[in-house]
Amino acid sequence: MTDKNMKVCPECNGEKKIEGNCVCDMEWRGTQKDDEWVDCQCTEEETCPVCHGTGYVPAD
């Protein structure tokens with residue numbers, strides 16, 4: 001496909017990956033590492049499921 005038939009992915013905005021999210025809450029204890037509690041729970045970044053890591057999708 002040529003560039004004219006492609007558009008920037010609306011899910012990742014052409015970044016190819018989706019950043020992970022972090023949720024921090026001192027009232028809710030997430031996980032314990034060694035002797036310390038980790039209040040923040042984070043997801044890792046992942047390859048965009050819409051464009052499969054290319055940054056572009058076919059134009060409609």
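Visitor: How many helices and how many strands does the protein chain have?

Guide: Keep in mind that this is a predicted model. The protein chain has 0 helices and 8 strands. Along the sequence that gives the pattern β-β-β-β-β-β-β-β.

Visitor: What makes the protein chain more spread out than a compact globule?

Guide: The globule rule gives 10 Å for 60 residues, while the radius of gyration here is 18 Å. That is well over the rule, so the chain is called more spread out than a compact globule. The C-alpha atoms fill a box of roughly 55 × 20 × 10 Å along the principal axes.

Visitor: How confident is the predictor in the protein chain, going by mean pLDDT?

Guide: On a scale from 0 to 100, the mean pLDDT is 85, and 90% of the residues reach 70 or more.

Visitor: Why is His52 called exposed?

Guide: Exposed means over 50% relative accessible area. His52 has 63%, so it counts as exposed. His52 sits in the loop between strand E7 (46-47) and strand E8 (56-58). Its phi is positive, about 60°, although His52 is not a glycine. Most residues other than glycine have a negative phi.

Visitor: And what makes Asn13 exposed?

Guide: The cut-off is over 50%, and Asn13 has 57%, so Asn13 counts as exposed. Asn13 belongs to the loop between strand E1 (6-8) and strand E2 (17-18). Asn13 also has a positive phi, near 55°.

Visitor: Is Cys22 buried, exposed or partly exposed, and why?

Guide: Buried means under 20% and exposed means over 50%. Cys22 has 49%, so it counts as partly exposed. You will find Cys22 in strand E3 (residues 22-24). Leaving out residues up to four places away in sequence, Cys22 touches Gln41 and Cys42. Cys22 and Cys42 are 20 residues apart in sequence, with their C-alpha atoms 4.1 Å apart in space.

Visitor: Which residues form the largest nonpolar core, and why does it get that name?

Guide: The largest nonpolar core has 5 residues: Cys9, Cys12, Cys48, Cys51 and Val57. The name needs buried residues of kinds such as Val and Cys, joined through side-chain atoms within 4.5 Å, so this set qualifies. Beyond its neighbours within four places in sequence, Cys48 has contacts including Cys9, Cys12 and Ile18. Across the protein chain, buried residues make up 12% of the 60 residues.

How values were computed:
Residues numbered from 1 in each chain as written. Predicted model: local features only at pLDDT ≥ 70, side-chain atom pairs only at ≥ 80, totals over all residues. Heavy atoms only, no water. Buried < 20%, exposed > 50% of the residue type's maximum accessible area, 1.4 Å probe, protein only. Contact = heavy atoms within 4.5 Å. Helix = DSSP H or I, 4+ residues; strand = E, 2+ residues; numbered from the N terminus. Rg over C-alpha atoms; globule rule 2.2 N^0.38 Å.
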